[in-house]
Amino acid sequence: MNVGLLGCGNVGAALVQLVAERGGQIKQRTGIDLRIAKVAVRSASKERDVAVDPSVLTTDARAVVDDPDVDLVVEVIGGIEPARTLILAALQAGKPVVTANKELLANVGAELYAAAEAAGVDLLFEAAVAGGIPLMRPLRESLVGEDVSRVMGIVNGTTNYILTKMAEEGWTYAAALAEAQSLGYAERDPTADVEGFDAGAKAAIIATIAFGAGVVAGDVYHEGISNITDTDIAFAARLGYVIKLLAIAERFEDGSVAVRVHPAMVPNEHPLAAVRDSFNAVFVEGQAVGDLMFYGRGAGGFPTASAVLGDVIDGAVNLAKGASASIGSFEAATIRPVDELRSAFYVNLEVSDRPGVLATVAGAFGDHGVSIRSMEQESIEDAADGAARLTFITHSAREADLRATLVELRGLDAVVSVGSVLRVVGDD
Ligand SMILES: NC(=O)c1ccc[n+]([C@@H]2O[C@H](COP(=O)([O-])OP(=O)(O)OC[C@H]3O[C@@H](n4cnc5c(N)ncnc54)[C@H](OP(=O)(O)O)[C@@H]3O)[C@@H](O)[C@H]2O)c1
């Protein structure tokens, strides 16, 4: 089975090494003799971490796809073009494709899934979401008969590392980000990770596969972690919560779908609260199966290449049998606007410490139908005019009602400032 490899960076080089190390074992177990026949890169002269036979290296990726000796194509270049054109060409030529490219699938996945269906060949993408963790295949195959109502996960290791260091070491956001960058977890420009774009792309793919409804990156509501302060983390800890960046995909009874990424307070007892450092985990709620959790390394060359290799073997076995795994067909999802979504909220206010303030503030919540589950008051020691801090946790409330409450609170004389507002997830 001749593999045409497009890209030989973190993931591609790890795949070359895994095939070299495990090829014999794979042949024994599956009968498939894998050979990396051609490798496309941007620069042929670049030094590589892995020994690649110079005779198989090329800078012409299209020639790899078109090579009649190449049976199966692995795309680990990243980005939308030329990856999209190359994958379409491979599928149209009847060659199974394995990709780890979340950006591509979250934006033009529908076109690629349709091309794979039309050609009757595999398009496999286990590595595109949560790196080495098997998630796409369980959702596509094991759980295809399940009524999945919600998938909720920590799918970005960089932000989970930052939040873990803030919670456990008391670091500021800036210090934790700098450490993540020095360890190579975060890019020099960390926007895609810390503002939730990377998690949003993964959430779109998860929703598409879990619900069989087309969701693209632009459908995903997202907020990042760059405004989370060490004070928020400390408050959450005092109340029995940790702050995590969650990707949440939900399907409602009317068939509409909501997909969002935002920081949330998760109770210490929830399984996602125990997911530390750069680990990922995805929590799936199904009607018949109940709760499932998938946990492991969500990124890194070898964990990701492990998922790619599994797909390569699967695609090769299917090709040898003349079969393919159908993704199914689906229409664009009906997206429920974020204003209509419900969750509990944590709200932190600085108020004047005088009689009647609590009743006024509580009244603002009540005016918009937001009911309060718990409240704490404490004096702010260094405040000039005897200010106090009020922290509330609400019962489940509509986003729009909570926003209206915040507008009213900001207009009250008694309210000095509205501090952090965070959703509380996993208490239900
Ligand atoms: N790294 C991870 O932990 C991880 C986890 C999950 C998913 N992924 C996904 O896996 C994919 C690859 O990630 P990576 O970290 O391996 O990226 P990377 O280290 O930047 O490697 C990209 C590779 O593609 C090659 N390349 C770029 N443009 C090309 C072109 N036009 N033609 C031929 N080759 C080209 C580069 O060549 P040169 O070597 O010559 O520069 C390089 O070998 C991305 O879609 C990423 O989102 C990565």
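Modeller: Two strands pair if DSSP finds at least two bridges between them. Keep in mind that this is a predicted model.

Biologist: Which residue in S5 is the bridge partner of Val74?

Modeller: Val98 is that partner. The strands involved are S4 (residues 72-75) and S5 (residues 97-99), joined by 3 bridges. They run parallel.

Biologist: What is the strand order in the open sheet?

Modeller: Start with the general idea. Strands of a sheet pair through backbone hydrogen bonds, either parallel or antiparallel. Here the 6 strands follow the order S3-S2-S1-S4-S5-S6, and the pairing is parallel.

Biologist: Now the ligand. Which residues come nearest?

Modeller: The shell holds 26 residues, and Gly7, Gly9, Gly78, Ala100 and Ala299 come nearest. Helix H1 (10-30) and helix H11 (301-321) are the elements that give two or more residues. H1 gives the largest share, 3 residues.

Biologist: How many shell residues are nonpolar, polar or charged?

Modeller: The shell has 12 nonpolar, 11 polar and 3 charged residues.

Biologist: And the core? Which residues touch the most other members of the largest nonpolar core?

Modeller: Ala204 and Val308 do, in a core of 140 residues. Helix H9 (residues 197-211) supplies the largest share of this core, 10 residues.

Biologist: What does Val308 touch, not counting residues up to four places away in sequence?

Modeller: Val308 touches Val11, Leu15, Val74, Val76, Val98, Ala100 and Ala127.

Methods
Residues numbered from 1 in each chain as written. Predicted model: local features only at pLDDT ≥ 70, side-chain atom pairs only at ≥ 80, totals over all residues. Helix = DSSP H or I, 4+ residues; strand = E, 2+ residues; numbered from the N terminus. Near = placed C-beta within 6 Å. Nonpolar A, V, L, I, M, F, W, Y, C, P; charged D, E, K, R; others polar. Core = buried A, V, L, I, M, F, W, Y, C linked by C-beta atoms within 7 Å. Buried ≥ 20, exposed ≤ 12 C-beta atoms within 10 Å, placed from the backbone. Contact = placed C-beta atoms within 7 Å.
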